[in-house]
Amino acid sequence: MSSRADRERRHPSDGELLLQSAGDLPKARATTIANHLETCPACTSRLASLKSAVGEFAKARRSALDRDVPPPAPARARLTDSIADASEARTGLVRAVEAGLAAAAAVAFILVATNGLSEGSGDGGRPDRTVEIAAFTPSPDLTPGLTNSSSRSELCAPDADLSTTPVLRSVALQIFRAHGIDDPEPFEYELDHLVPPELGGLTAVGNLWPQPYAGSRWNARAKDALEDRLVRLMCEGQVPLATAQAEIARNWVAAYKKHFGASEPLIEHAAFLKDEPWR
């Protein structure tokens with residue numbers, strides 16, 4: 001097990017640096033990285049470069065959107081001017097929206113730019129998503145997905161107790177090793193319930209797997225967003241509980257595409273926060 005001093009000496013990932021600057025890391029980890037940045041010029045310089053790259057990305061994205069949107073009618077033009085004035089004044093609402101979009105764009109940009117997602121597949125230079133997606137979905141042999149006998153009414157009750165039994169660290173490390181990860185880095189993974197407890201998923205070896213936060217847009221944050229959507233649809237009666245359980249257990253990526261109507265994870269889900277990371 002790594003000591004606290006070892007963790008503070010370890011260089012944070014690009015994703016962690018950007019989440020740190022956006023204020024989206026857990027307090028303990030944020031303190032560790034802040035202490036590290038005070039004594040590590042290399043990471044301080046890397047953070048500055050990442051912020052600059054994200055700024056250029058956002059600028060290019062805004063330019064592209066401006067080209068695609070037709071000129072507004074007079075009334076819409078006045079509304080646009082009002083929004084621009086509010087942005088200049090940095091009102092609380094605009095600050096909140098900008099912060100959320102900045103965090104999402106930052107993480108999305110880093111995932112795309114630093115993890116090899118633009119490698120060609122021989123199909124007009126488009127990336128091969130088959131191998132990428134397979135690496136971010138669990139093996140059915142190791143993690144088939146296990147559920148309890150809870151009903152929809154029980155799971156969606158206002159006073160429903162959805163707390164889970166903590167996983168022993170020895171058991172968690174056993175799960176990591178079964179998936180080929182001998183020394184999991186803190187905050188790089190989520191020990192994820194394939195079928196979430198909110199959908200009746202069990203806290204058991206057959207329903208737990210280590211899902212990384214980086215390396216693909218099909219990561220733990222995208223799946224957390226899907227879980228949130230499926231729970232809402234199930235409780236609203238739009239999707240039967242058994243169907244939601246089967247879809248997320250069988251192929252959560254396909255379920256995401258179906259329920260969000262998107263072929264790729266939405267940019268607003270790049271910074272989606274729901275479950276605690278491995279630490």
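**View 1. Confidence along the protein chain.** The protein chain averages a pLDDT of 76, and 65% of the residues score at least 70; pLDDT is the predictor's confidence in each residue, from 0 to 100. This is a predicted model: local features need pLDDT of at least 70, side-chain atom pairs count only at pLDDT 80 or more, and totals for chains, interfaces and linings use all residues. Residues are numbered from 1 along each chain as its sequence is written, and side-chain values use heavy atoms, with hydrogens and water left out. Among the elements, helix 11 (residues 241-250) has the highest mean pLDDT, 97. Strand 1 (residues 120-123) has the lowest, 41. Helices (H or I, at least four residues) and strands (E, at least two) are DSSP runs, numbered from the N terminus.

View 2. Contact means heavy atoms within 4.5 Å. Residues 104-128 also stay under 50, and here the model has 47 such contacts. Where pLDDT is low, the predicted coordinates should not be read in detail.

**View 3. The largest nonpolar core.** This core has 23 residues. Such a core is a set of buried Ala, Val, Leu, Ile, Met, Phe, Trp, Tyr and Cys residues joined through side-chain atoms within 4.5 Å. Buried means under 20% relative accessible area (1.4 Å probe, protein chains only). Leu-199, Trp-218 and Leu-226 are among the residues with the most contacts inside it. Helix 10 (220-235), helix 11 and helix 12 (252-260) each give two or more residues. Helix 10 gives the largest share, seven.

**View 4. Around Leu-199.** Beyond four places in sequence, Leu-199 touches residues including Leu-155, Leu-230 and Met-234.

Conventions. Buried means under 20% relative accessible area, exposed over 50%, partly exposed in between (1.4 Å probe, protein chains only).
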